[in-house]
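Keep the selection tool at hand.

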Amino acid sequence: GHEGDVESALGDLIRATHEEPGCLRYVLNRHHDDAAKFVLIEHWQDQKALDSHFRAEHMTAFMATVGPWLEGGSVLHVLEPVPSGDDTKGRL
């Protein structure tokens, strides 16, 4: 029931995150069939940059604000790319 509030807070988070060293990509997506589900696709220079992101003031403020609204919390999947096919279409 707080989708608008979460989306607004995500916008603030994204703008601040885009300024972080090591942030190569940080893209917000909404689930096609469920407007209450958001997915962030992230690409970081290295683990050190990602670790720093989690400690950033804007990240901790975001989680303090939206944490109570996240049903079941947030889920983090760390993935390794497996490029295939056309190099420009097969990579994020």
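**Ground rules**

This is a predicted model, in which local features need pLDDT of at least 70, side-chain atom pairs count only at pLDDT 80 or more, and totals for chains, interfaces and linings use all residues. Residues are numbered from 1 along each chain as its sequence is written, and side-chain values use heavy atoms, with hydrogens and water left out.

**Stop 1: the whole chain**

Select the protein chain. How many helices and strands does the protein chain have? It has three helices and two strands. Here helices (H or I, at least four residues) and strands (E, at least two) are DSSP runs, numbered from the N terminus. Follow the sequence and you read the pattern α-β-β-α-α.

The accessible surface comes to about 7000 Å². Carbon and sulfur atoms hold 52% of that surface. Such areas come from the Shrake-Rupley method with a 1.4 Å probe; for residues, only the protein chains shown count as cover.

Buried residues make up 21% of the 92 residues. Buried means under 20% relative accessible area, exposed means over 50%, and partly exposed lies in between (1.4 Å probe, protein chains only).

Contacts come next. Contact means heavy atoms within 4.5 Å. Take the contacts between residues at least 6 apart in sequence: 40% of them join residues at least 24 apart.

**Stop 2: α1 against α3**

Two packed helices are described by the angle between their axes and the distance between the axes. Select residues 3-17 for helix α1 and residues 57-66 for helix α3. They pack at an angle of about 175°, with their axes 10 Å apart. Axes are lines fitted to C-alpha atoms, for helices over the stretch in contact, and angles run from 0 to 180 degrees between N-to-C directions.

The two helices are therefore roughly antiparallel. Angles under 35 degrees count as roughly parallel, over 145 as roughly antiparallel, 65 to 115 as roughly perpendicular and the rest as oblique.

Show the side chains. On the α1 side, pick Val6, Ala9, Leu10, Leu13, Ala16 and Thr17. They meet His58, Met59, Phe62 and Val66 in α3. Eight residues of this contact are nonpolar, two are polar and none is charged. Ala, Val, Leu, Ile, Met, Phe, Trp, Tyr, Cys and Pro count as nonpolar, Asp, Glu, Lys and Arg as charged, and the others, Gly among them, as polar.

**Stop 3**

Which residues of α3 are buried? Select Met59, Phe62 and Val66. Seen down the axis of α3, these buried residues fall within an arc of 60°, so they line one face of the helix. The arc is that of the directions from the helix axis to the C-beta atoms. They pack against α1 and α2. Now look at the face turned away from the buried side: it carries the exposed residues Glu57 and Ala64.

Stay on α3 and click Met63. Met63 is partly exposed, with a relative accessible area of 31%. Leaving out residues up to four places away in sequence, Met63 touches Pro68, Leu70 and Ser74. Draw a distance from the C-alpha atom of Met63 to that of Leu13: they are 50 residues apart along the chain, yet separated by 9.8 Å.

**Stop 4: α2**

Select residues 47-55 for α2. Its buried residues are Ala49, Leu50 and His53. Seen down the axis of α2, they fall within an arc of 100°, so they line one face of the helix. Their cover includes α1, β1 (23-30), β2 (38-44) and α3. The face turned away from the buried side carries the exposed residues Lys48 and Arg55.

The axes of α2 and α3 come within 5 Å and cross at roughly 50°. These helices are therefore oblique to each other. His53, Phe54 and Arg55 in α2 meet Glu57, His58, Met59 and Thr60 in α3. This contact has two nonpolar, three polar and two charged residues.

**Last stop: the segment after α3**

Click Arg91, in the segment after α3. Arg91 is partly exposed, at 46% relative accessible area. Its C-alpha atom is separated by 7.3 Å from that of Pro81, ten residues apart along the chain.
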